[in-house]
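Thanks for coming. I will take a few minutes on one model, so please look at the display.

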Amino acid sequence: MSSSSTSGPRQRPPIVLYHYPFSPYAKRIVWYLHLRGIPYTQCLQPMILPRPDISSLLGIKYRRIPLLSIGRDVYLDTRLILSKLEDLDLPSSNPKLSAAPGTDALALQSLLSHYSIDGGLFSRAAQLLFSIDNPLLRDPKFLADRADFVAGGGAPHKFPREEMAALGPEALADLRDYCQMLETTVLADGRDWILKNTDKPGLADIEAVFVLHWVQSLPGALPKEQFNDEKFPKVWMWVERFRVAVGETTPTQTAAQKGAGNDKVATVKGDEAQYLILGAEWNEDSEKKEVEAGEAIVQFHGLKKGTVVEVWPTDSGSAPAHRDVGRLVSLDAREVVIENEKGVRVHAPRHGFRVRPSSQAVASSL
């Protein structure tokens, strides 16, 4: 572990965001970094595999985008990433964006997150891709990549275009219901942002807006006669206010492209990002944390510090080739932390991820 021998305030490790500009999930992180004024470096990735900057240089097999490193700690899944960014202790000029603990506002923020992700709103919106003229859907490599992503390697490398397009009307109905809910409840009193009496967007707005922002950027995805500023004036004005707040001037321009409100975001190649990460200190001293004995998964598998385990998401990107293997550093109700062969500590949330003793370790002991 790299450490500093000098006294004085600890310098914050560098932050590196691995993403591609049109990822709707990556936008959640770019927006947060912009709104809170956190400087970072980006390492841009291709839309489809392979991504050797991640798999070869960092030893991380996880295939979803984005990933965020703070020092030698790499965080998976946007909900964990956002919570870790919230944990950063910054000057008062960079206040946290989450609602206060124990409040109804926090409950609303959490419910919007679950609605958009676990509740299926994003998955529904993604079905609209098959109802529009999208050149990616004529690219066999893209279709093969996404088939592997969705089915964990078990699906044929194609999507049934007509069957998928038939889901479009149902997806539009769900998106219309979502707009109607926001229009007639949360935004009905004329507030500017999701949380009442706030003067700028917060984490609740990021959770609520990212699906609508994405589908609005897809030409032809939303029929204008059903989705417009006359049908949903409060929703449309809120989305536009949000775009302005995060530095966008068009639906497809990202805050990262504009510099995210900080100095222009530096873009580095994979080897430069690897150097920044492996040469940095840890963001967290995870060795001081425990593998909590009371956790059911710990009891079931007999896990302890140092056990070689594998970690992977359970909903998508779960093929064996995309499961991360490493020494178990800590595990609690919130997250699991492993250290891989490159000396990177990989953090994954417990929600939506599976942990078990590595079959590689079992095989090597036979």
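Predicted model: local features only at pLDDT ≥ 70, side-chain atom pairs only at ≥ 80, totals over all residues.

Residues are numbered from 1 along each chain as its sequence is written, and side-chain values use heavy atoms, with hydrogens and water left out.

Start with helix α3, residues 78–87. Helices here are DSSP runs of H or I with at least four residues, strands are runs of E with at least two, and both are numbered from the N terminus. Of the 10 residues in α3, 7 are buried. Buried means under 20% relative accessible area, with a 1.4 Å probe and protein chains only. The buried ones are T78, L80, I81, L82, K84, L85 and E86. What do they pack against? The partners are α1 (24–36), β3 (67–70), β4 (73–76), α9 (203–216), β8 (335–339) and β9 (345–349), with contact meaning heavy atoms within 4.5 Å. At the start of α3, a side-chain oxygen of D77 comes within 3.1 Å of the backbone nitrogen of R79.

Now to α9 and its helix neighbours. The axes of α4 (residues 104–116) and α9 come within 8 Å and cross at roughly 20°. Axes are lines fitted to C-alpha atoms over the stretch in contact, and angles run from 0 to 180 degrees between N-to-C directions. The pair is therefore roughly parallel, the cut-off for that being under 35 degrees. On the α4 side the contact is made by Q109, L112, S113 and S116, and on the α9 side by L203, A204, E207, A208, F210 and V211.

Helix α8 (residues 168–186) packs on α9 at about 130°, with the axes 12 Å apart.

Next, S23, in the loop between β1 (15–19) and α1. Is S23 buried or exposed? S23 counts as buried, at 3% relative accessibility. Its side chain reaches the backbone nitrogen of A26 at 3.0 Å.

Last, the cysteines. C179 is buried, with a relative accessible area of 0%, and C43 is buried at 0%. The structure holds 0 disulfides, a disulfide being a pair of cysteine sulfur atoms within 2.5 Å.

Conventions
Buried < 20%, exposed > 50% of the residue type's maximum accessible area, 1.4 Å probe, protein only. Polar contact = N/O pair within 3.5 Å; in protein donor to acceptor, adjacent residues only side chain to side chain. Parallel < 35°, antiparallel > 145°, perpendicular 65-115°, else oblique.
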